[in-house]
Every structure is written in C-alpha cells, then in structure tokens.
Amino acid sequence: MDTVLSQMIERVRDAAAHRAPLRIRGGASKDFHGGAPLHGEVLDTRAYTGILSYEPSELVVTVRAGTPLHALEAALAQQHQCLPFEPPHFGPGATVGGMVAAGLSGPARASVGAVRDYVLGVVLVNGRAERLTFGGQVIKNVAGYDVSRLMVGAWGTLGLIAEVSLKVLPVAPAEATLRFGCDQAQALRHLHTWGAQPLPLNASCWVPAATGAAGAGTLYVRLRGAVAAVETACRTLGGERLDNAAAAAHWAACREQQLPWFAARAQQPGLDVWRLSLPATAPVLALPAGVAPPLIEWHGALRWVQAGREHAAALHAAATQVGGSASLFIAGGALPASAGGHFDPISAAQRRIHERLAHSFDPAGIFNPGRMAWQR
C-alpha cells in the first residue's frame with residue numbers, strides 16, 4: 001500500500017508541474033451531484049484500500065480512503081457498531097474517501113450529527129505533493145485550526161484524502177418506526193412538538209401522497225435508544241408501529257433516494273432535484289405554482305423539491321425568506337456554462353476565503369477544478 005500511495009503522490013507532483021487538472025475519484029457514485037462538469041485526468045483512489053486500525057473499545061477506526069464504504073460498515077457491524085450519521089452510498093462503489101469528501105449524511109443527521117462531527121484526523125496529499133497529517137485518533141486532539149474537518153464537503157478540491165480516522169458508536173439497543181397519516185403542516189407541527197420533548201427521536205421522513213391526493217401524506221418517525229425509552233415513546237406518540245425489517249428497508253431507501261417519490265422523477269426526467277436546508281422550525285414553504293410538495297427529512301430541516309429550471313429563483317427566495325438556503329442536487333439536464341444561480345450564493349468575503357484556502361492547499365489549481373459552485 002505504501003507503493004500505491006507513493007504512485008499517487010507522484011501523479012500529483014507531475015500534474016502540479018504541468019498544471020494539468022486531476023479528477024480525484026473513488027467509486028464515482030456521486031459524480032451526478034450538482035450537475036457539475038467534471039474535468040481532468042482521473043486519479044482513482046480505489047487501489048489504496050484497507051482498514052489500518054480498529055479499536056472497538058475505543059470507538060475509533062482508521063481507514064484508507066479507497067476502502068469500499070460497505071466493507072467498513074460490515075466490519076463495524078461485526079462489533080455491533082456503526083457510522084451513526086448513515087452516509088448515503090448512491091451506488092455500490094462508494095468509498096470512505098468519497099464519503100468524507102462529499103460530506104453527505106443520511107436520515108439520522110439531525111439527531112446524531114454530520115460526517116464532520118465524526119472525523120478525528122486525515123492524511124492528505126496537497127497540491128505540492130506533500131503528505132500531511134492532521135488530527136489524530138482521539139476525540140480531543142485539535143490545537144489550532146481543525147483542518148481534518150475542513151476536508152469534509154470540500155469535494156476533493158483541497159487535496160487527495162489518503163486516510164481518515166473516524167469516531168464510531170455502538171448500535172442502539174432498541175429501535176422502532178412509527179407511521180402517521182397526515183398532511184405537511186400536521187407533520188411539521190408533530191415534529192416541532194416532539195422535538196421539544198425528551199423523546200429518543202432519531203430520524204423522520206414525511207412523504208407526500210401520490211399526485212391526486214391533495215394535502216395528504218405519511219410521516220415516518222424512527223426512535224432509537226434504550227429499550228425502556230423507545231417503548232415508552234411508542235406508547236406516548238401512538239401511530240402505527242412498523243415491522244423492523246420493513247422499516248429498515250424504508251430508511252435504506254430514504255438514505256439512498258430510492259423511495260417512490262424520487263423514482264417518480266423518471267416520468268419527468270427534466271426536473272431538477274433541489275436540496276433546501278432550513279431551520280427545523282420553518283413552516284410549510286410557499287412553493288411556485290405547479291411544483292409538487294417536498295419530501296421532508298431531518299425533523300423539518302431538510303426538504304427535497306423537484307422543480308423545473310425556471311423555478312430556481314423562486315426556490316432560493318422561499319428558502320432565504322425563512323433563514324435557509326437552496327442548492328441544486330441533481331440536474332435534470334445539461335447545465336449552462338454559468339450555472340451560479342443554481343447553487344447557494346456566497347458573499348464576496350466568503351468567496352475570498354474559499355479562494356485563499358484553495359490556493360494554500362492547491363496553488364496550481366489541479367484538484368477537481370469546477371467541482372464547487374464558487375469556482376464556476
């Protein structure tokens with residue numbers, strides 16, 4: 001494996017010398033994100049694979065970036081442990097490095113935290129072909145800038161992630177999923193009320209009914225924690241309790257965006273999928289006419305919307321009005337050369353910070369050019 005890493009470092013050194021773009025890629029399972037045009041010679045990380053160390057009693061694992069995500073999850077499951085933020089795979093080839101670079105979390109994110117909250121350290125190859133180590137293998141290891149977590153959600157634009165140390169957690173002793181028939185406003189009221197109570201809420205998902213059933217929908221709520229806490233919450237909340245196997249399939253489909261709500265987009269492939277990040281207490285949004293109700297996760301804080309390209313400005317305005325933001329997640333078709341209006345706007349000051357960070361880590365600008373919205 002040292003030889004593999006050395007070869008990748010040499011690839012970076014040569015690319016920097018010639019200012020030749022590199023497209024860092026693991027399993028390519030998230031290449032769709034944002035409809036970004038992908039440039040550069042592929043630098044495939046999948047040869048650099050394997051779990052370097054795993055201490056179940058310490059709740060820490062260190063993994064090479066090319067390790068398949070399913071392999072890591074299987075190793076943790078053998079010890080009754082997990083990645084509690086439930087990272088989506090979006091394909092069988094997802095890697096640990098891609099998980100960190102994308103920074104995407106699954107249904108439990110609002111309750112347990114995001115990917116960045118579990119990153120303890122990284123080994124990184126920067127744009128000067130230097131092998132750098134940040135953080136470590138213990139929770140309290142940061143003095144100064146927390147560079148390890150800066151890599152989360154950077155989409156490989158700051159460097160090649162070689163290794164990552166992660167905090168893991170035990171699998172909860174008990175779990176239950178409850179189902180409620182209700183409209184969007186009722187679902188949000190339920191979630192806001194329950195969120196203020198000492199309940200073991202772990203995940204939630206409101207799915208609008210199929211077209212034709214105006215206002216109706218189904219709210220799914222997952223409880224996790226001690227057996228007594230989960231059983232008491234089930235009695236308190238009511239609803240219909242689902243079989244655990246059926247519920248697990250639902251949450252897996254939610255995480256991977258394979259629920260019927262997402263699949264229905266195949267009938268209208270021109271629609272974009274938007275990701276609206278909002279305060280959890282935000283009310284029902286006034287969406288443009290003709291846009292179907294959103295699918296809601298994270299106790300109200302994440303809302304998925306399928307809409308045509310012409311509704312971009314209205315979606316930004318609706319999200320901004322309640323203190324949130326909107327960004328394109330999956331483009332329904334080819335984007336124009338300048339697609340800045342489809343992504344979260346940033347101020348001039350924020351842009352300068354992004355540019356200075358990128359220049360510090362990658363002075364030749366070789367890593368995943370154009371991957372971030374501010375680069376376009």
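Predicted model: local features only at pLDDT ≥ 70, side-chain atom pairs only at ≥ 80, totals over all residues.
In strand 12, the residue bridged to Leu 201 is Leu 223. Strand 11 (residues 201–208) and strand 12 (residues 217–225) run antiparallel and are joined by 7 bridges.

These two strands belong to an open sheet of 8 strands, ordered 13-10-12-11-15-16-14-17, in which the pairing is antiparallel. Because strand 13 (240–241) and strand 17 (325–330) each have a single partner strand, they stand at the edges, and one side of each is left without a neighbour in the sheet. Helix 6 (residues 184–195) lies across strand 10 (174–181), strand 11, strand 12, strand 15 (295–297) and strand 16 (302–307), and runs at about 20° to strand 12. Helix 8 (residues 244–255) also packs on the sheet, where it touches strand 10, strand 11, strand 12 and strand 15, its direction making about 75° with that of strand 11.

A further open sheet comprises 5 strands in the order 3-4-8-6-7, again with antiparallel pairing. Its edge strands, strand 3 (51–55) and strand 7 (131–135), each pair on one side only, and the twist from one strand to the next averages 10°. Strand 3 is paired with strand 4 (residues 60–64) in the antiparallel sense over 4 bridges, with Val 63 of strand 4 as the bridge partner of Ile 51. Helix 2 (residues 69–78) packs on this sheet, touching strand 3, strand 4 and strand 8, and its direction makes about 25° with that of strand 3. Helix 1 (residues 2–18), in turn, lies across strand 6 (119–125), strand 7 and strand 8 (160–167), running at about 60° to strand 6.

Definitions and conventions: Residues numbered from 1 in each chain as written. Heavy atoms only, no water. Pairing = 2+ DSSP bridges. Contact = heavy atoms within 4.5 Å. Axes fitted to C-alpha atoms, helices over the stretch in contact; angles between N-to-C directions.
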